[in-house]
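This report describes a single protein chain for a reader who has not seen it before. Please keep the sequence and the model in view while reading.

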Amino acid sequence: MSEGESADSPFSGVGARVVPFPAAHKPAPPPQVSFHRDELRVILNLYGRMVAAGEWRDYTIDFTREKAVFAIHRRTSERPLFRIEKDPRLARRQGAYAVVAETGRILKRGHDLAQVLKVLETPLRVVS
């Protein structure tokens, strides 16, 4: 017995070793869904144009295991006007991208983000 150990210590004795608890093999959790650089570039280009037009003021981004959401707000304290959602589970069926209105109605869904975002573009006006 060494100087620092007492007789009633559970680690006293010749063969006392700490054995690590066996790790149970469990599958790795699925990675969270996020927007890639090119997708964010397309979204933020539209967002910048709409901010310059004075229609939008704020945005939030949320990444979960199921979907990535870019929410557009008129004011910070309000509910989002629109949500741009990326859901990879729907990629083969209806398309991974969707634009959802404040009421929850899906305005457009598809496989190409640029085409889906055209629903948010404001039409050009003639200025005289």
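## Fold and basis

Along the sequence, the elements come in the order α-β-β-β-β-β-α, giving two helices and five strands. Helices (H or I, at least four residues) and strands (E, at least two) are DSSP runs, numbered from the N terminus.

The model is predicted: local features need pLDDT of at least 70, side-chain atom pairs count only at pLDDT 80 or more, and totals for chains, interfaces and linings use all residues. Residues are numbered from 1 along each chain as its sequence is written, and side-chain values use heavy atoms, with hydrogens and water left out.

## Buried share

Of the 128 residues in the chain, 25% are buried. Buried means under 20% relative accessible area, exposed over 50%, and partly exposed in between (1.4 Å probe, protein chains only).

## Lys86

Lys86 belongs to strand β3 (residues 82–86). This lysine counts as buried because its relative accessibility is 9%. Its side chain reaches the backbone oxygen of Ser34 at 3.0 Å.

## Ile61

Ile61 is found in strand β1, which spans residues 58–63. Ile61 counts as partly exposed because its relative accessibility is 36%.

Notes:
A polar contact is a pair of N or O atoms within 3.5 Å; within protein, one must be able to donate a hydrogen and the other to accept it, and residues adjacent in sequence count only if both atoms are side-chain atoms.
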